[in-house]
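Let's take a walk through a protein chain together and see how its side chains meet. Have the picture open as you read.

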Amino acid sequence: MKYRMLAAALLLGTCLTPFATTAQDKPLKIAFLAASSQNGFNQAIYAGIEKAAKAAGNVTTEIFDGEFSAPTQFSQVEDLTAGKRFDAIIIAPNDTVGIATALEDATAAGIKVATTLFPIGPDLKNMQPQVKGLTTTVASDPSIGASAQAEAVVKSCEGKRPCNVVIMIGQLIYQFDNLRYETFKTVLAKHDNIKIVATGEGNYSPDTSLKAMQDILQANPKIDAVLSNADQHLLGVEIALEDAGIDPSSVYLIGGGLNQITVDKIRNGTFKASLANFPVSMGSAALESVVTSLKGGTVPVWTDESKLRDIPQIVDKAWLDAHPDFTAEWQG
């Protein structure tokens, strides 16, 4: 009888083994390739990834610093693909076009890949997969938000002739910043009272933005509005205006990202508005998608980042006054 039971156990194999693992409970390792791990927005994306990983259980994560360098991030993807240490990669891309070939190699090797903030590929307005095997994109068309920001500036310029506007952009070498910049110019050019007096590159740094704005103010002391794609830029702009003897609250300052520092400054009237982004929700959505896919589930190829929270596209003082308990998803 004892031999019959042993034979049955051998036939059943793992069915009788209490330590067997399945696709549902296999430990998963997820890498987050930040555009820069020193950047507050990227840190907030990773906070969302960690939050969702903890909720999923049996998922570990690790962050990699892209140093705002396309070659660095490309090498990271190559190394992770060759090392086969991770089941999935979530990326906040520095170069949305150049990184595509490395990510194609990753997906071909069986690694799940999700992109956040921007799609991967030559068309930043196309949220459908442009990389073979890409699991999901958690992003929005950058030109839509940029257009809304510029329209807010247009409204602030009503009745001013001329209305002198400074554009503060991240880096024009980035395809996504170039798209935003061209969108800003296209919208503003439709209004003959608006004059773009200068453009500065802030590189998502208050210090860099401070220097750029100081240089701009030397040649253009009369400024009515500063249109920026990033809240971090406005911190440097604010200091430059104060150093030049200009009250920042007298200038229409609009940024992007909606961090808590900006929320507080909009509430007190120093800044006027910001384009809302939700980095923690973005990171969580990306992590949930790759984990679901690794476990055999079906996930959407695109999640619209702008719809992750029920918040207006452009947040201003009026909305914040009506929602006194609102807090941003990242500090800044």
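A charge counts as sitting over a ring if NZ of Lys or CZ of Arg is within 6 Å of the ring centre and within 35 degrees of the ring normal. Keep in mind that this is a predicted model. Now look for Lys265: it lies over the face of Phe271, at 5.7 Å from the ring centre.

Next, find Phe118 and Phe176. Their ring centres are 4.1 Å apart and their planes are at 10 degrees, so this pair is stacked. Here again distant parts of the chain are linked: Phe118 is in the loop between β4 (112-117) and β5 (136-139), Phe176 is in helix α6 (residues 175-188), and the two are 58 residues apart. Both Phe118 and Phe176 are buried.

Now for the nonpolar cores. Which residues have the most contacts inside the largest one? They are Phe32, Ile90 and Leu287, in a core of 33 residues. The elements that each give two or more residues to this core are β1 (28-34), α2, β3 (88-91), β4, α6 and α10 (279-294). If you zoom in on Phe32 and leave aside its neighbours within four places in sequence, you'll find it in contact with residues including Ile45, Ile49, Phe64, Ile90 and Thr116. Apart from this core lies another, with 30 residues, among them Met213, Val237, Val251 and Val315.

One more stop: how many disulfides does the whole structure hold? A search finds one. Cys157 and Cys163 form it, with their sulfur atoms 2.0 Å apart. The link of Cys157 and Cys163 has -60 degrees about the S-S bond and is left-handed. Both of these cysteines, Cys157 and Cys163, are buried.

Note on methods
Residues are numbered from 1 along each chain as its sequence is written. This is a predicted model: local features need pLDDT of at least 70, side-chain atom pairs count only at pLDDT 80 or more; totals for chains, interfaces and linings use all residues. Side-chain values use heavy atoms; hydrogens and water are left out. Rings of Phe, Tyr and Trp (its six-membered ring) pair if their centres lie within 6.5 Å; planes under 30 degrees apart count as stacked, over 60 as edge-to-face and the rest as tilted. Helices (H or I, at least four residues) and strands (E, at least two) are DSSP runs, numbered from the N terminus. Buried means under 20% relative accessible area, exposed over 50%, partly exposed in between (1.4 Å probe, protein chains only). A nonpolar core is a set of buried Ala, Val, Leu, Ile, Met, Phe, Trp, Tyr and Cys residues joined through side-chain atoms within 4.5 Å. Contact means heavy atoms within 4.5 Å. A disulfide is a pair of cysteine sulfur atoms within 2.5 Å.
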